Amino acid sequence: MLLSKDENIKTSSVYVASIILKMFRKTRLKKLTIFEVAEELKKYDIVHYRQVIFGLSFLYSTGVVDFKEPYIYIIK
Amino acid sequence: MIRFKKLYSIPKFFEPIKFESGLNIILGEKSEGNNKTNGVGKTMAIEFLNFCLLKKSSDSRVTLIPDHILDIDTVVYLDINIYTDFLTIARSIKKPDVVTIFKNGVEIISNESIEIASEYLGNLYFREFPLHITRISFRNLLNPIIRDERSEFKDIIQCFDTAKRIPSDYKPHLFFLNLNIELYSEIKKVIDELTKKTTFVTETKKLITSDYNKVSEAKARLNELEGEVSKINTSIEKLKTNESFESIQDDLVKLESRLSKLRIRQKTLKLEIKQINSLPEPENISENEITILFNQFKDGLGDMVEKSLQEVKEFKTRIDSFKNSLINNKLKMLQSELISLNTKIQRLDDEYSEKISLLDNGELLKDLKTSINIFNKKNQELNNLRSVIDRYNKAEKEKKSLKNTKDNKIIDFDDHLSDKQVEIKEFEETILYIHENIMGNRNAHFGIETINSAKAKEFLSFDFRINDDGSWSTNRMKVFIYDLALLLSDSTKKNHPKLLVHDNLFNVDNDSLEKSLNFLHKQSENHPEEFQYILTLNRDMVEIMEERNLIEFNISDYARAKFTKNDRFLKVKYSELSKRKK
């Protein structure tokens, strides 16, 4: 299961990942700095380091993004 | 004196119409099997008369007659007398903009423009007048004498087509009444200038009040600006004349350039620090938590999870170490650089202020570039405001002066009217005499007044009231009485050509028509050589009166032309062109 039953969907790794993907789609860029990503996530009340890391880890584990400081790359 | 003698054409397209002194009627008759008397060509006959009397081709209905009706080689002739001279005016259909005039059988004007022909005829008419009398143009003279039918005879002054909105022209009326045309023209000119000046003042005021509530506020701002600009200017001048200016100027420019560069770097540093601070506060995430998370992904997505647990852990470590290096190294470095930069900027800024204050005591010029910039801006604002206020003041002054000139000249005209009261009264007496004969009483009034109002475009008013005036047909009677009085009054007939044409004016009540015709007949009988009056009339308008013997004369005795539906003026029925012939 991607979500546990007592988890808040609005802070879940899948939701965070979706916001990041939307950002790529909206900007039509292949890379965004981690600062830009963090700044955008704040707008959705994603303000904890843990939430950011989990969202990015989800995208990484499925091979969608990679990280090379300071950029998050889209690889798929 | 002007007399029409004969209207004809070569080749002959209509029966020549011979005019006599006294009353002349162009009659619309009934014909066998047709009782209609309209549209038989009475007005067209008057149009041909007008055509020969130099009416503009663009206004004439003659140019609307189709070519298959009227051969374009036709030339229309009018024989007239101006005093003792016998003249023939010839105007061709093909070239309506040129005129030929014969005097006593000799061609004097040959295919000349309407203006030249008008000048010639005007000179002939005015040669009997003393030189000091102001002249009006020949066509101007004729306007109230042959009023445009489309003026609808609504107003005694207005003689033109109401649709054309041509302003009223008092000149011919003043000329007949022997009043001062020159003074009238001068006042009209002043009123025109005053109108233009008033518009200019209003526009300028609008310009000023778009930025300020009132002109006085703008004037106060002008004084304030003058003070500010003067102070800055003095300071800059003082700065330039200062002995140390040359040496300090270089230092100031260098300092400004260094400060500018440092401020750009300061801005960059602040931005970078802000970016780092935008990242969330670091948290401890245990390996166990990552393992649980990874297993969740694996459970949910299965083979779609491409990376191993180890790779995800390494990914997290990469981000952690980037974040840590930012916080521990870069952020500290940036903050430290910013602190030192701030100190440097502060020091240079103090140094700059110190140098400026050496020259300026720090009163006005805190920054040379900014001060010059402010000076230029304020100076520009000052110049713009001064220029618009100067224009406004000048225009206001000129407006007042024009207003005074207008007031004085109108007073002069009032005095002039007072001097001419006897003649005006005599003219009124003629009006009352005609009114009594036609309306049966003397309940009428004529006077000339001046109007001195800012809104009125015309300063003169001919106040003419008759019994029960105001209605459509009574207004026609007013025009008839006024025109006839100009023709008959001793005070006006000196200048009047003693000629009058009324086309379609008599759409009035039967009693007024009967009395008017009988009056005209009496005048014609008693003073046959003193005037010439031409009117158009339909037989059905007078039939009943004739049957009852109310008309004291035989209409046919005065009929110079009779047209019926079967025997029209131009012999054939046609429709006018919608566009003029070229």
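## Chain B: overall build

Buried residues (under 20% relative accessible area, with exposed over 50% and partly exposed in between, using a 1.4 Å probe and protein chains only) make up 48% of the 582 residues of chain B. This is a predicted model: local features need pLDDT of at least 70, side-chain atom pairs count only at pLDDT 80 or more, and totals for chains, interfaces and linings use all residues. Residues are numbered from 1 along each chain as its sequence is written, chains are lettered from A in the order in which they are written, and side-chain values use heavy atoms, with hydrogens and water left out.

Chain B holds 15 helices and 12 strands. Both are DSSP runs numbered from the N terminus: helices are H or I with at least four residues, strands are E with at least two. Contacts (heavy atoms within 4.5 Å) can be sorted by sequence separation. Of those in chain B between residues at least 6 apart in sequence, 69% join residues at least 24 apart. The accessible surface of chain B is about 29,900 Å², by the Shrake-Rupley method with a 1.4 Å probe; for residues, only the protein chains shown count as cover. Carbon and sulfur atoms account for 48% of that surface.

## Chain A: overall build

Chain A has 76 residues, and 47% of them count as buried. Three helices and three strands are assigned. Read from the N terminus, their order is α-β-α-α-β-β.

In chain A, 53% of the contacts between residues at least 6 apart in sequence join residues at least 24 apart. The chain exposes about 4,300 Å². Carbon and sulfur atoms supply 57% of this area.

## Where the chains meet

The interface brings 33 residues of chain B into contact with 29 residues of chain A. The buried area is about 3,000 Å²; this is the accessible area (1.4 Å probe) that two parts lose on being put together, summed over both. Carbon and sulfur atoms give 67% of it. Three salt bridges cross between chain B and chain A. A salt bridge here is a side-chain nitrogen of Lys or Arg within 4 Å of a carboxyl oxygen of Asp or Glu. R50(A) and E283(B) form a salt bridge through their side chains, at 3.4 Å from N to O.

On the side of chain B that touches chain A, α7 (245-278), α8 (287-301) and α9 (309-360) each supply at least two residues. The most come from α9(B), with 10 residues. By class, this side of chain B has 17 nonpolar, five polar and 11 charged residues. Nonpolar covers Ala, Val, Leu, Ile, Met, Phe, Trp, Tyr, Cys and Pro; charged covers Asp, Glu, Lys and Arg; the others, Gly among them, are polar.

## Salt bridges within chain B

Over all chains, the count is 43 salt bridges. One of them pairs R221(B) with E381(B), at 3.3 Å from N to O. R221(B) sits in helix α6 (residues 215-241) and E381(B) in helix α10 (residues 368-419), so this pair ties together parts of chain B that are 160 residues apart in sequence. R221(B) is buried, at 18% relative accessible area. E381(B) is partly exposed, at 30%.

E226(B) and R386(B) also meet in a salt bridge, 3.2 Å from N to O. This pair again links helix α6 to helix α10 of chain B, across 160 residues. E226(B) is partly exposed at 31% relative accessibility, and R386(B) is partly exposed at 30%. In another salt bridge, the closest N and O atoms of E337(B) and R265(B) are 2.8 Å apart. Here helix α9 holds E337(B) and helix α7 holds R265(B), 72 residues apart in chain B. Both count as partly exposed: E337(B) at 29%, R265(B) at 31%. Elsewhere, salt bridges with shared partners join K12(B), E15(B), D567(B) and K571(B) into one network.

## A buried glutamine

Q532(B) lies in strand β11 (residues 532-538) of chain B. The residue is buried, with a relative accessible area of 0%. A polar atom of the Q532(B) side chain lies 3.0 Å from the backbone oxygen of E20(B).

Leaving out residues up to four places away in sequence, Q532(B) touches several others, among them I2(B), F4(B), F19(B), E20(B), K498(B) and L500(B).

Note on methods. A polar contact is a pair of N or O atoms within 3.5 Å; within protein, one must be able to donate a hydrogen and the other to accept it, and residues adjacent in sequence count only if both atoms are side-chain atoms.
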